[in-house]
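Let's take a tour of this structure together. Have the sequence and the 3D view ready before reading on.

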Amino acid sequence: MQRPLIVALDFPSLEDTKIFLDKFQGKSLFLKVGMELFYQEGPSVIGYLKEQGHSIFLDLKLHDIPNTVYSSMKRLAGLGVDIVNVHVAGGSKMMEAALEGLEAGTETGKTRPQCIAVTQLTSTTEEMMRREILIEKNLTEVVVQYASLAKKSGLDGVVCSSLEVPIINTTVGPNFLTVTPGIRLASDDRGDQARIVTPEKARELGSTAIVVGRSITNAKHPLQAYSQIKSAWEGVLV
Ligand SMILES: O=c1ccn([C@@H]2O[C@H](COP(=O)(O)O)[C@@H](O)[C@H]2O)c(=O)[nH]1
């Protein structure tokens with residue numbers, strides 16, 4: 001994978017998505033389809049975006065018993081997306097089942113989607129993790145342990161904050177994707193995100209990919225915001 005800037009299409013419908021994409025003048029993008037758009041439009045939205053030449057991260061964050069995750073991943077593999085994901089918290093058997101489902105559902109001769117796992121959501125703070133989820137550890141330790149479990153289970157990478165990328169790279173080793181949401185420009189509101197970094201910092205910290213939603217989708221000029229963030233992420237001086 002090149003080091004893409006993935007745009008989160010957190011829109012309520014295909015119609016709104018088209019209005020947004022029209023501003024990009026036919027550019028091929030790496031797009032993230034999340035629960036809101038997928039639950040509203042169903043699998044056909046993926047077909048539409050692929051026909052337009054975009055790469056797709058289908059962010060449904062599966063977290064269920066292994067048998068259910070296996071069968072669901074078998075269906076999702078048929079959509080021909082580039083990346084899918086699960087929660088590490090489902091455990092190693094669930095993550096292995098996810099991969100088996102993807103293998104089983106990928107047509108012969110085609111590449112199976114990469115499968116990554118959410119460590120701790122970027123909206124989670126250490127204080128909340130301790131008080132609400134009753135995990136009495138340091139948040140970075142938890143993220144590293146979850147990343148190691150994802151690697152041992154055969155997954156291709158994790159979703160984490162860029163802040164945790166250096167220690168994941170040191171602990172888990174190379175060729176392991178770190179896909180990082182929680183990206184904000186210095187002037188942006190953090191909103192519901194807790195562990196945030198700027199695109200420049202994400203590059204310095206070594207993220208494989210950044211995921212950006214509202215800083216682009218809510219911008220007055222989305223294409224301009226996209227280009228600014230892309231330049232910062234790629235280290236291009238403007
Ligand atoms: O830990 C996670 C996992 C997924 N996300 C998703 O990324 C985008 C971020 O959107 P912003 O508007 O840039 O905050 C959103 O679709 C989340 O569902 C995440 O933020 N953190």
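This is a predicted model: local features need pLDDT of at least 70, side-chain atom pairs count only at pLDDT 80 or more; totals for chains, interfaces and linings use all residues.

Does Gln25 count as buried or exposed? Keep that in mind while we look at the spot where Gln25 sits.

## Two loop residues

Gln25 belongs to the loop that links α1 (14–21) with β2 (30–33). Gln25 has 7 C-beta neighbours inside 10 Å, and the cut-off for exposed is 12 or fewer, so Gln25 counts as exposed. Its backbone is worth a look too: phi is near 50°, a positive value in a residue other than glycine.

Now hop over to Leu134, in the loop between α6 (126–132) and α7 (139–152).

## The barrel

What do the strands build? Eight of them form a closed barrel with parallel pairing, in the order β1-β2-β3-β4-β5-β6-β7-β8. On average, neighbouring strands of this sheet are turned by 25° against each other, ignoring direction.

Zoom in on one pair: β4 (residues 83–87) and β5 (residues 114–118) run parallel and are joined by five bridges. In this pair, Val86 stands opposite Ala117 of β5.

## Helices on the sheet

Helix α5 (residues 92–105) lies across β3 (55–62), β4 and β5, and runs at about 155° to β5. Helix α11 (residues 222–234) packs on the sheet too, where it touches β1 (5–8) and β8 (209–212). The direction of α11 makes about 145° with that of β1.

How values were computed. Residues are numbered from 1 along each chain as its sequence is written. Two strands pair if DSSP finds at least two bridges between them. Helices (H or I, at least four residues) and strands (E, at least two) are DSSP runs, numbered from the N terminus. Axes are lines fitted to C-alpha atoms, for helices over the stretch in contact, and angles run from 0 to 180 degrees between N-to-C directions. Two residues are in contact if their C-beta atoms, placed from the backbone, lie within 7 Å. A residue is buried if 20 or more other C-beta atoms lie within 10 Å of its own, exposed if 12 or fewer, and partly exposed in between; C-beta atoms are placed from the backbone.
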